[in-house]
Amino acid sequence: MTDNYEQSNEWAQQHRQSLTTRHTHEDVLTDREFELLLEACSSLPEPRDLQARFVCLAAGRLGLRAGEIAHFRADWIDWDRMLLRIPQHEPCECGYCRRQASQETTHNEQLSQEEAMKGRWHPKTVASARAIPIDLSLRLELCLERFTDKYEAFPRSRTAVNRRVNAVAEAADIEGRVYPHCLRATAASYHAYQGVAPVPLQALMGWSDLATAQKYI
């Protein structure tokens, strides 16, 4: 009887949490809000204006995660095929990767920090290593051209991705929360509205589960 009560109580707590937890797709920006966000990028001082514009378009139209943006390299872009290819592995020694490697070693006593770092950086899941078309709009192409002409890689840390988004969100005076992952959700919503089917959308966004794509469809 006690076991049944505990299971019932646990289910009730999970149910209450599911009702109160806010999901990323609830924070999707409207087209107008996204345009205001891009417009606000030009209000930032150089070179933050270009960096912010790149972050907003990479997340809000290409669907890149913050970690993917922070580890972006210019050679990920295949200009002949107009694709951005996110690799399965990119050697990295940044502070973010060091912290992630340290967390891995705390959960695996047989793994050394050096061994953990050999696997850094890698995208979130196997499905995240993907090819994304970049010929979605001339605006996007020009931004990528200008950014890669100036930088061989994203020039700042992982936390800078958040800071750039926070700065333009404040400048655009957009109500509600604006953060890198809600821009990724905005990209998913944008492509779903453009008529992209669940399976191609799953591949585009690098999701492991098709059900995630179906939410946006």
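Start with a meeting point: in helix 2, Leu36, Leu37, Ala40 and Cys41 come up against Val168, Ala169, Ala171 and Ala172 of helix 8. Sort the residues of this contact by class and you get eight nonpolar, no polar and no charged ones. Keep in mind as you look around that this is a predicted model.

How do these two helices sit against each other? Two packed helices are described by the angle between their axes and the distance between the axes. Here, helix 2, which covers residues 31-41, packs against helix 8 at an angle of about 105°, and the axes are 8 Å apart. Angles of 65 to 115 degrees count as roughly perpendicular, so helix 2 and helix 8 are roughly perpendicular to each other.

Now step back and take in the whole protein. There are 11 helices and three strands in its secondary structure. The protein has 217 residues, and 41% of them are buried. Take the contacts between residues at least 6 apart in sequence: 66% of these link residues at least 24 apart.

Next, the empty space. Rolling a probe the size of a water molecule over the atoms shows where empty space is left. The largest pocket has a volume of about 350 Å³. It is lined by 15 residues, and the closest to the pocket's centre are Arg65, Ala66, Gly67, Tyr96 and Arg158. Helix 4 gives the largest share, with three residues. By class, the lining is made up of five nonpolar, five polar and five charged residues.

Let's finish with one of those residues close to the centre, Arg65. You'll find Arg65 in the loop between helix 3 (48-60) and helix 4. Is Arg65 buried or exposed? Its relative accessibility is 10%, so Arg65 counts as buried, the cut-off being under 20%. Leaving out neighbours within four places in sequence, Arg65 touches Lys124, Ser128, Arg130, Arg184, Met205, Gly206 and Trp207. Cys182 is 117 residues away from Arg65 along the chain, yet 9.8 Å separates their C-alpha atoms.

Terms used: Residues are numbered from 1 along each chain as its sequence is written. This is a predicted model: local features need pLDDT of at least 70, side-chain atom pairs count only at pLDDT 80 or more; totals for chains, interfaces and linings use all residues. Side-chain values use heavy atoms; hydrogens and water are left out. On a 1 Å grid over the protein atoms alone, a cavity is a set of points where a 1.4 Å probe fits but cannot get out, and a pocket is an open set with protein on both sides within 12 Å along at least five of seven lines; lining residues have an atom within 4 Å of a point. Grid points are joined across faces, edges and corners, and a volume is the space filled by probe spheres set on the points. Helices (H or I, at least four residues) and strands (E, at least two) are DSSP runs, numbered from the N terminus. Ala, Val, Leu, Ile, Met, Phe, Trp, Tyr, Cys and Pro count as nonpolar, Asp, Glu, Lys and Arg as charged, and the others, Gly among them, as polar. Axes are lines fitted to C-alpha atoms, for helices over the stretch in contact, and angles run from 0 to 180 degrees between N-to-C directions. Angles under 35 degrees count as roughly parallel, over 145 as roughly antiparallel, 65 to 115 as roughly perpendicular and the rest as oblique. Contact means heavy atoms within 4.5 Å. Buried means under 20% relative accessible area, exposed over 50%, partly exposed in between (1.4 Å probe, protein chains only).
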